[in-house]
Amino acid sequence: MYIGWREIRDAEGRFVLITGVIALLTLMVVMLSALAAGLDAESTSAVRALPGDVRTQTAADGSASSLTDSRVDPVPGVPSLGIATTRVTEGARAATVSAFGFSDVTAVTVDPETAATLGLSVGSTVTVGTEQIRVDAIADVGKYAHTPVVRMPLSVWQRATGRDAASALLTDRDVPGTVLTAHADLPSLVPGYQSEHSSLLLIQVLLVGISAVVVGGFFAVWTGHRVRSLAVVRAMGAGRRYLLRDGLGQAVVVLAAGLAVGLIVGGLGAWLASSRVPIALAPTTTAVLVSAIAVLGLAGAGVALRPLVRVDPLTALNR
């Protein structure tokens, strides 16, 4: 890759600019994927932690009702779950939470965020809805629809919310009037999750596509400027494979540098922002998105290099 390295040294400022743009695009992809993962966890982490499949009330169109809208009668011998959005108050302080009532749970658990907001500790007494309850434990029990979860026995949940029915049955047994949702599909039962997830996924796909087009466009323009000089090399006897290897090698170096800088800065930025916004680094998703930029960028560079391997030295020199 002698020619490629020499061009990088001679046009250092231009390659720094190209590398900086690739790094900026990578940073945006990393930050957006981290934000999407964080919002996903804020919305669905509590239902993802459920032990298995779930049955909810059959909606009017035959589909499964959301966990918030569903009403099912508890079945003897079948674990039941009640979900309701309510308020937890302690003195003059209050917080909005999602109350999860389990038929097979005996303790009241408050998440650390709510405990810190209300100044709670184990043994504190708080009012959940209309019921005064004692806090038995403080632990992370996930979040539901962007609100912290308070886990409690179903009987306590029913008194606090004034409901007799539960929201779901935690079983795969056939129960009339209910629809089974597999554990992997439980996030679809969270209100608003599908639209939020689809919107963020569309933004990520558009961003990766635009990044690939921009990266490929850079190499296309740069290759156009190289045709005359490489025609000289071709006239001196350089083979097509040598030119292709040199051009792709140059693209790999620039792409690798830009992606590496973008990953490092993006990861650092996500870590710094995680204390203010819901961000969670998802290594697998980030690796897939960054790899997509690399592959599509190299594909764009490969297309841009086609004139080099087919260039006629005499034609190019007479331009």
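Is V16 buried or exposed? Select V16 to find out: V16 counts as exposed, because its relative accessibility is 52%. Here buried means under 20% relative accessible area, exposed means over 50%, and partly exposed lies in between, with a 1.4 Å probe and protein chains only.

**Before going on**

The model is predicted: local features need pLDDT of at least 70, side-chain atom pairs count only at pLDDT 80 or more, and totals for chains, interfaces and linings use all residues. Residues are numbered from 1 along each chain as its sequence is written, and side-chain values use heavy atoms, with hydrogens and water left out.

**Stop 1: V16 and the listed spans**

V16 sits in helix 2, residues 12-48. Helices (H or I, at least four residues) and strands (E, at least two) are DSSP runs, numbered from the N terminus. V16 and V135 are 119 residues apart in sequence, and their C-alpha atoms are 57 Å apart in space.

Next, colour the spans that an unreviewed UniProt entry lists as "transmembrane region": residues 15-39, 201-222, 243-273 and 279-305. UniProt positions are given in the numbering used here, feature names are shortened, and annotations may be inferred rather than shown by experiment. Residues 201-222 are 100% helix and 0% strand, with 32 Å between the end C-alpha atoms. Residues 243-273 are also 100% helix and 0% strand, and the end C-alpha atoms of that span lie 44 Å apart.

**Stop 2: salt bridges**

Side chains of opposite charge can pair when their charged atoms come close. A salt bridge here is a side-chain nitrogen of Lys or Arg within 4 Å of a carboxyl oxygen of Asp or Glu. The structure holds 7 salt bridges.

Select K143 and E42. Their closest N and O atoms are 3.0 Å apart, and the two form a salt bridge. This pair links distant parts of the chain: K143 belongs to strand 8 (residues 143-144) and E42 to helix 2, 101 residues apart. Both K143 and E42 are buried.

Move to E131 and R159, a salt bridge with its closest N and O atoms 3.0 Å apart. E131 is in strand 6 (residues 131-134) and R159 is in helix 4 (residues 154-161), 28 residues apart, so that this pair too links distant parts of the chain. E131 counts as buried because its relative accessibility is 18%, whereas R159, at 45%, counts as partly exposed.

Then select R134 and D136, whose salt bridge has its closest N and O atoms 2.9 Å apart. R134 counts as partly exposed at 46% relative accessibility, and D136 counts as partly exposed at 31%.

**Stop 3**

Select residues 147-153, which make up strand 9. How many of its 7 residues are buried? The strand is mostly covered, with 6 of the 7 buried.

Two strands pair if DSSP finds at least two bridges between them. Strand 3 (residues 93-102) pairs with strand 9 in the parallel sense over 5 bridges, and S98 stands opposite V149 in strand 9. Strand 4 (residues 109-110) runs antiparallel to strand 9 and is joined to it by 2 bridges; T109 stands opposite R151.

Strand 8 is also antiparallel to strand 9, again with 2 bridges. K143, already seen with E42, has P148 as its bridge partner in strand 9. Strands 8 and 9 form a hairpin with 2 residues between them, and A145 in the turn has a positive phi of about 55°.

**Stop 4: two pockets**

On a 1 Å grid over the protein atoms alone, a pocket is an open set of points where a 1.4 Å probe fits, with protein on both sides within 12 Å along at least five of seven lines; lining residues have an atom within 4 Å of a point.

Select A36, A37, D40, H197 and Q204, which lie nearest the centre of the largest pocket among its 13 lining residues. Helix 5 supplies the largest share of that lining, 6 residues.

For the second largest pocket, select its lining: A46, A49, L50, P51, P79, F100, F102, D104, V141, R151 and L170. R151 is the residue that T109 stands opposite in strand 9.
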